[in-house]
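Please keep the sequence and the coordinates at hand while reading.

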Amino acid sequence: TGTHTEVNIDETINFVKDAKNIIIVPGYGLCVAKAQYPIAEMVDLMRKKGKNVRFGIPPVAGRMPGQLNVLLAEAGVPYDVVLEMDELNDDFPETDLVLVIGANDTVNSAAEEDPNSIIAGMPVLRVWTSQQVVVMKRSLGVGYAAVDNPIFFK
């Protein structure tokens, strides 16, 4: 519980402009919105500006294993920037900006910080350890596991 900080598009653009290392964590919401094509275009533009942009794919992303990998590949995202959780989870503390797009449970800090949580022990991307996190989703509501996500209030 607590209060969240809302940012608008212009503020998010400024975060991206100021960041050198960016990790994008897509989730099922990205799939539903069919946002892989505009995201691929955005990543291409950011990389042309010298940004180190990578994707962090959790093991349970989307509704089936590999769903996000396929969608990103279909949109032309280079394979070498699409990484599994274990390949980049230790990189978050050195990451300037994380863009969480349509993900919730897979970035829920309660999995690691609350031993009484029903998702305790679930593998998650440690986005909350980065310098800045912007979560893009329709609401602050719970994800599939029906558990509040503390990162909204950190």
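A residue is called buried when its relative accessible area is under 20%, exposed when that area is over 50%, and partly exposed in between. The model discussed here is a predicted one.

The description begins with the sheet. Five strands form an open sheet in the order β3-β2-β1-β4-β5, and their pairing is parallel. Its edge strands, each pairing on one side only, are β3 (82-84) and β5 (133-136). From one strand to the next, the twist averages 25°. Strands of a sheet pair through backbone hydrogen bonds, either parallel or antiparallel.

The individual pairings can be followed strand by strand. β1 pairs with β2 in the parallel sense over four bridges, and isoleucine 22 stands opposite valine 53 of β2. Five bridges, again in the parallel sense, connect β1 and β4; here isoleucine 24 has leucine 99 of β4 as its bridge partner. β4 and β5 run parallel and are joined by four bridges, with methionine 136 in β5 as the bridge partner of isoleucine 101.

How much of β1 is covered? Five of the six residues in β1 are buried. Valine 25 has its place in this strand, which spans residues 21-26. Valine 25 counts as buried because its relative accessibility is 0%, below the cut-off of 20%. Beyond the residues up to four places away in sequence, valine 25 touches a set of residues that includes Gly56, Phe92, Val98, Leu125 and Val127. Of these, Val98 is 73 residues from valine 25 in sequence, while the C-alpha atoms of the two are 7.2 Å apart in space.

Leucine 99 is in contact with Ile22, Ile24, Val25, Met42 and Met136, among others, when its neighbours within four places in sequence are left aside. In a regular strand the side chains alternate between the two faces of the sheet.

After α4 comes glycine 76, whose phi is positive, near 90°. Glutamine 36 is buried, because its relative accessible area is 5%. Setting aside neighbours within four places in sequence, glutamine 36 is in contact with Leu30, Leu71, Leu72, Glu74 and Ala75.

Charged pairs complete the picture. Side chains of opposite charge can pair when their charged atoms come close. The count comes to four salt bridges. One of them joins aspartate 44 to lysine 48, with the closest N and O atoms 3.1 Å apart. Both residues lie in helix α3, four residues apart, about one turn of the helix. Aspartate 44 is partly exposed, at a relative accessible area of 38%, whereas lysine 48 is exposed, at 65%.

In another salt bridge, the side chains of aspartate 91 and arginine 54 meet at 2.7 Å, N to O. Aspartate 91 lies in the loop between α5 (85-88) and β4 and arginine 54 in strand β2, so this pair ties together parts that are 37 residues apart in sequence. Arginine 54 is buried, with a relative accessible area of 16%, and aspartate 91 is partly exposed, with 25%.

Arginine 126 and glutamate 112 also meet through their side chains in a salt bridge, at 2.9 Å, N to O. This pair links distant parts of the chain, 14 residues apart: arginine 126 is in the loop between α6 (110-113) and β5, and glutamate 112 is in helix α6. Glutamate 112 counts as partly exposed because its relative accessible area is 40%, and arginine 126 is likewise partly exposed, with 28%. Salt bridges that share partners join Asp90, Glu112 and Arg126 into one network.

Key. Residues are numbered from 1 along each chain as its sequence is written. This is a predicted model: local features need pLDDT of at least 70, side-chain atom pairs count only at pLDDT 80 or more; totals for chains, interfaces and linings use all residues. Side-chain values use heavy atoms; hydrogens and water are left out. Helices (H or I, at least four residues) and strands (E, at least two) are DSSP runs, numbered from the N terminus. Buried means under 20% relative accessible area, exposed over 50%, partly exposed in between (1.4 Å probe, protein chains only). Contact means heavy atoms within 4.5 Å. Two strands pair if DSSP finds at least two bridges between them. Axes are lines fitted to C-alpha atoms, for helices over the stretch in contact, and angles run from 0 to 180 degrees between N-to-C directions.
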